[in-house]
Amino acid sequence: MARPGSGLLVPMSGLGYPPQNLARVVVWEWLNEHGRWRPYSAAVCHHIENVLKGDARGSVVLGQVDAQLSPYIIDLQSMHQFRQDTGTMRPVQRNFYEPSSAPGKGVVWEWENDNGSWTPYDMEICVTIQNAYEKQHPWLDLTSLGFCYLIDFNSMSQTNRQSQRKRRLRRRMDLAYPLIMGSIPKSQSWPVGASSGQPCSCQQCILVNSTRAASNAILASQRRKLYGGTAGNPGATGTLTVVRQSNTFAGTSLWSPTSGSSSTNNNNISVGGGQANAEQVQSPLSSANFPCSPVMPSLSSAHGHHALTINGQNNLNRPGTQRISVGTARGAIPPGVPALPVKNLTGSGPVHPALAGMTGILMCAAGLPVCLTRAPKPILHPPPINKSDMKPVPGINGMRRKTKKKHLRRGKNPEDVVRRYTEKIKVVPDEDCTICMERLVMSSGYEGVLQHRGIKPELVGKLGKCGHMYHLLCLVAMYNNGNKDGSLQCPTCKTIYGEKTGTQPPGKMEYHVIPHCLPGYPDSKTIRIVYDIPAGIQTNEHPNPGKKFSARGFPRHCYLPDNDRGRKVLKLLIMAWDRRLIFTIGTSSTTGESDTVVWNEIHHKTEFGSNLTGHGYPDPNYLENVLTELSAQGVGEDNLKD
């Protein structure tokens, strides 16, 4: 049905905020790598608000409400989201909207991405779209908000004005965001009184408490140095005339200096909540060169000089102050300010990335001038290589393997397979069958469920290699629930009988030697493996037969050292590829996407020149570990021909 009225061009003035004494809806947001504030879900925001009421200076474990966010915590004191396994930090903010707006009503607007799943719009855009929708505008132009998209409510589509590409959009109802009442303080930071209850004894809290103590110790040391350094020249420009130890963790506010420079060319940096007895701080640095505030700084200009106010958590009460371009906060590190590379530590380093990240959060919250440097990007691929420089791997025939549908094994008779690997026993022990959990002296739990000629429910067999005993009918049922590839795997000790195969979709595997060395192997060239699997349709052996499956990230490049051990691993990987064990179809542990091609418990090194993700070199234990994983899949060194 056509919508009456004219279309809407979004005004440049932005969104207004309600007066301080009215109810408002709270939306917590995090800053992504593109400089956009992305909203947490309503359920997560309710969880954060509940924690905030109990301990305004504590930490919020996001995994308690959303399993996909299990690695993340929010440090309320520094207003940063912290990823515990990598040390990555992102600013967060507490934003406010009218109760009648989209988040107050639980309305979520989403667009369909390339994966076929739905992505919510930024909250400001969601509010704008909902306002236009309620006013029955037929279309909405988002150009003035920085997006070259046109929203068409009649067709429920989003059109890129440059490429003319259309995407579907949808409006759905969800949980309403939390509602708060009363005024929000303008000039004081969040209450940081002592939290109630006993301190937690988990590793994360122990880490936080120990790092807080270290931060105060560093502050005391810094104070002593600065007292000594300014004694001889108390009026020097650019020095800190008075510095005191931060009492943030004792329950009071952060530093409270005021800007006091009258020069039109100076940039004043004031840090704190605006209390009395302030100390003066002067700096010749521009705001772009001081990206070390706990939250994104606010910029203002008047009479030719620029004031950079860092109010700690005070800024989370003013959503507008954090809406600046990310580029403003990027610049050179100020002289004398220590750089803390919070994500520049590999697993082989002496300090865990999580410790570095938490140290950065707490030192920044305590007022120390710490610059959070950008993490180096992983080196995923070697330098460009000519095709003539790609050589065959010594001792291995060919440079390519393919798996096609005609190569897929057909099922074998279950009874024959079970009888091949078991032997009947006359004296049955009085113990449990670990498949059906019935006693072996009793009939199988699958009696009446499965009917097979020649296999009676009371028959018990013993597997030849490991000697574990089961009802023969239970083994038949287990085989029918697997690949039906002619192999059995003992459910107790995982011993494999026969040649185990997997459910890997058709694809291509290439391997060759390139003239570059891996970190940790300076005397060896590198074996590069390239896997390529296209998207397709699932078959009967897959989770959802007849449904499409996706194949993300292909071709995938993997690396091994070109030495004796590396070539042995390659031979076994080729064997595992032929048996369709390298990949399978399932749910991605990284993205959560289902019905997609995923790794199948055989780890590969996909990082060529670094080990920032844990999937690169140097890793002295990798070759031995992958041999163990291959052996667990039935692809052991004993399978190799001399």
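Arg-401 and Asp-578 form a salt bridge in this predicted model, a salt bridge being a side-chain nitrogen of Lys or Arg within 4 Å of a carboxyl oxygen of Asp or Glu. The closest N and O atoms of Arg-401 and Asp-578 are 2.4 Å apart. Because Arg-401 lies in strand 21 and Asp-578 in helix 8, the pair ties together parts that are 177 residues apart in sequence. Helices (H or I, at least four residues) and strands (E, at least two) are DSSP runs, numbered from the N terminus. Arg-401 is partly exposed, with a relative accessible area of 31%, and Asp-578 is partly exposed at 35%. Buried here means under 20% relative accessible area, exposed over 50%, and partly exposed in between (1.4 Å probe, protein chains only).

Residues are numbered from 1 along each chain as its sequence is written. In this predicted model, local features need pLDDT of at least 70 and side-chain atom pairs count only at pLDDT 80 or more, whereas totals for chains, interfaces and linings use all residues; side-chain values use heavy atoms, with hydrogens and water left out.

Helix 8 comprises 15 residues (564-578). The expected span of a helix is 1.5 Å times one less than its number of residues; for helix 8 this gives 21 Å, in agreement with the 21 Å between its end C-alpha atoms. At the start of helix 8, a side-chain oxygen of Asn-563 reaches to within 3.3 Å of the backbone nitrogen of Arg-565. Just after helix 8, Arg-580 takes a positive phi of about 65 degrees. The buried residues of the helix include Val-569, Leu-570, Leu-573 and Trp-577. Among the elements against which the buried residues of helix 8 pack are strand 27 (507-514), strand 28 (526-532), strand 32 and helix 9 (622-632). A salt bridge of 2.8 Å (N to O) joins the side chains of Glu-624 and Arg-565. This pair links helix 9, which holds Glu-624, to helix 8, which holds Arg-565, across 59 residues. Glu-624 is partly exposed at 42% relative accessibility, as is Arg-565 at 25%.

Thr-584 lies in strand 32 (residues 583-586) and is buried, with a relative accessible area of 17%. The side chains of Thr-584 and Thr-503 are joined by a polar contact of 2.9 Å. A polar contact is a pair of N or O atoms within 3.5 Å; within protein, one must be able to donate a hydrogen and the other to accept it, and residues adjacent in sequence count only if both atoms are side-chain atoms. Not counting residues up to four places away in sequence, Thr-584 also touches (heavy atoms within 4.5 Å) residues including Thr-596, Val-598 and Trp-599.

Arg-94, in strand 7 (residues 89-97), is buried at 4% relative accessibility. Its side chain makes a polar contact of 2.9 Å with the side chain of Glu-49. The C-alpha atoms of Arg-94 and Trp-28 are separated by 4.6 Å, although the two residues are 66 residues apart along the chain.

The count of salt bridges comes to 28. One of them joins the side chains of Arg-38 and Asp-122 (2.5 Å, N to O). Arg-38 is buried, with a relative accessible area of 15%, and Asp-122 is buried at 7%. Glu-110, Arg-170, Arg-172 and Asp-174 are linked in a network of salt bridges.
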